[in-house]
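Here's a quick briefing to read alongside the model. Keep the structure open and find each spot as you go.

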Amino acid sequence: MALASCNLTAYFSRFSPQAEASSQPSLFKSLKPPLFWPWEKVKIGPMSVSPMGFGTWAWGNQLLWGYQESMDSELQEVFDLAVENGNNLFDTADSYGTGKLNGQSEKLLGKFIRDAEGKQKVRDEIVIATKFAAYPWRLTPGQFVNACKGSLERLQIEKIGIGQLHWSTVNYAPLQELALWDGLVAMYEKGLVRAVGVSNYGPKQLVKIHDYLQARGVPLSSAQVQFSLISMGEDQFEIKSICDSLGIRLIAYSPLGLGMLTGKYSPSNLPSGPRALLFRQILPGLKPLLSSLEEIARRRQKTIPQVALNWCICKRAIPIPGVKTVKQVQENLGALSWRLSNDELLQLESAARESPTKMIQNIFQTR
């Protein structure tokens, strides 16, 4: 099987975004080569999902990502292209969307599912992973269940794939934490979600909620954390080890470091908006890592983001890069159908350790 996979990689690499740019525009859609095989799908609870998903944080976020409603038609194309190429995992949250657009990400996903070609098949195969915010007014299990029902209404689907607690409150409201855990149990028992997961849980708290849910007869299916070549510290690898040992699927958000691992930016070419402050602080210290990514990308005839995403996949995590343009989807799809070698993995991780700066960890991640 491994030999066959290697031979197929050479064939399908011709359909990478670079190859597409020099071919007829319709080639990518008309041939539709499989970017991964059915046996390469991964399990999250009872569901089989693509080895990479897509994040929708930008869908509705004006402050950080510059969302405008005029973007919706391209976002529909983004969704359609991802689905056409076998990607069936989409991550969202009830808090995604700024101001009056709160919940916009879920609403758009619901609309795109309804409008998709062969929509019944799409509805059956799409796995929506949404996160419920631990707002201070959500103090009881019933209120957390109502949050889930609100997401179902915005998504206009019958059942959510993975219902996730967006962050832990143990550091500032431990009693609320237990109520939220019971809310996860309740939404699972009521059949509102097919699986439950958590986000931003550190190693100690991850074990605690796993054991608590297990005692209630509810499996913890996923743990979503910031995980990338610039976010691979001791805690992150401990989380990964715990996930591997307990059968929890690790979902890697910000696998491209908010764009720092795309090769598009430099200290003299920063993104607009609030990200510029973070990039100015971190980018100068990433030279060893970015140089290594560029070297491997050139040798592999891939792009820097494709190599960075492939690293996550090789670590048995499911990366969920954020996408808001067709070009981004096309490029990210090029991370599939091939794998980095062990030597390349070691080279990248060594370069990451040599780089003096790292990604700032999410303040909501617990110990």
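**A first look**

Glutamate 40 and arginine 339 join their side chains in a salt bridge, at 3.8 Å from N to O (a salt bridge here is a side-chain nitrogen of Lys or Arg within 4 Å of a carboxyl oxygen of Asp or Glu). This pair links distant parts of the chain, 299 residues apart: glutamate 40 sits in the loop between α3 (27–31) and β1 (42–44), and arginine 339 in the loop between α15 (326–333) and α16. Helices (H or I, at least four residues) and strands (E, at least two) are DSSP runs, numbered from the N terminus.

Bear in mind that this is a predicted model, where local features need pLDDT of at least 70 and side-chain atom pairs count only at pLDDT 80 or more, while totals for chains, interfaces and linings use all residues. Residues are numbered from 1 along each chain as its sequence is written, and side-chain values use heavy atoms, with hydrogens and water left out.

**Salt bridges**

- By the rule above, the count comes to 11 salt bridges.
- Arginine 339 has 33% relative accessibility, so it counts as partly exposed (buried means under 20% relative accessible area, exposed over 50%, and partly exposed in between, with a 1.4 Å probe and protein chains only).
- Lysine 131 pairs with aspartate 91 in a salt bridge, with the closest N and O atoms 2.5 Å apart. Lysine 131 is in strand β5 (residues 127–132) and aspartate 91 in strand β4 (residues 89–93), so the pair ties together parts that are 40 residues apart in sequence. Both lysine 131 and aspartate 91 are buried.
- Glutamate 349 and lysine 315 form another salt bridge, their closest N and O atoms being 2.9 Å apart. Glutamate 349 belongs to helix α16 and lysine 315 to the loop between α14 and β10 (318–319), so this pair ties together parts 34 residues apart in sequence. Both glutamate 349 and lysine 315 are buried.
- A network of salt bridges links Glu295, Arg299, Arg300 and Glu344.

**Helix α13**

- Helix α13 (residues 287–300) has 14 residues and reaches 20 Å from its first C-alpha to its last, close to the 20 Å expected at 1.5 Å a residue (the expected span is 1.5 Å times one less than the number of residues).
- Its buried residues are Leu289, Leu290, Ser292, Leu293, Ile296 and Ala297. Looking down the axis of α13, these fall within an arc of 160°, so they line one face of the helix (the arc is that of the directions from the helix axis to the C-beta atoms).
- The face of α13 turned away from the buried side carries the exposed residues Lys287 and Arg298.
- What covers the buried residues of α13 includes α14 (304–314) and α16 (342–354).

**Positive phi values**

- Most residues other than glycine have a negative phi.
- After α13 comes glutamine 301, whose phi is positive, near 60°.
- Glutamine 156 has a positive phi too, near 55°, and lies in the loop between α8 and β6 (160–165). At 42% relative accessibility, glutamine 156 counts as partly exposed.
- Serine 254 has a phi near 50°, also positive, and is found in the loop between β9 (249–253) and α12 (275–282). Is serine 254 buried or exposed? At 17% relative accessibility, serine 254 counts as buried.

How values were computed
Contact means heavy atoms within 4.5 Å.
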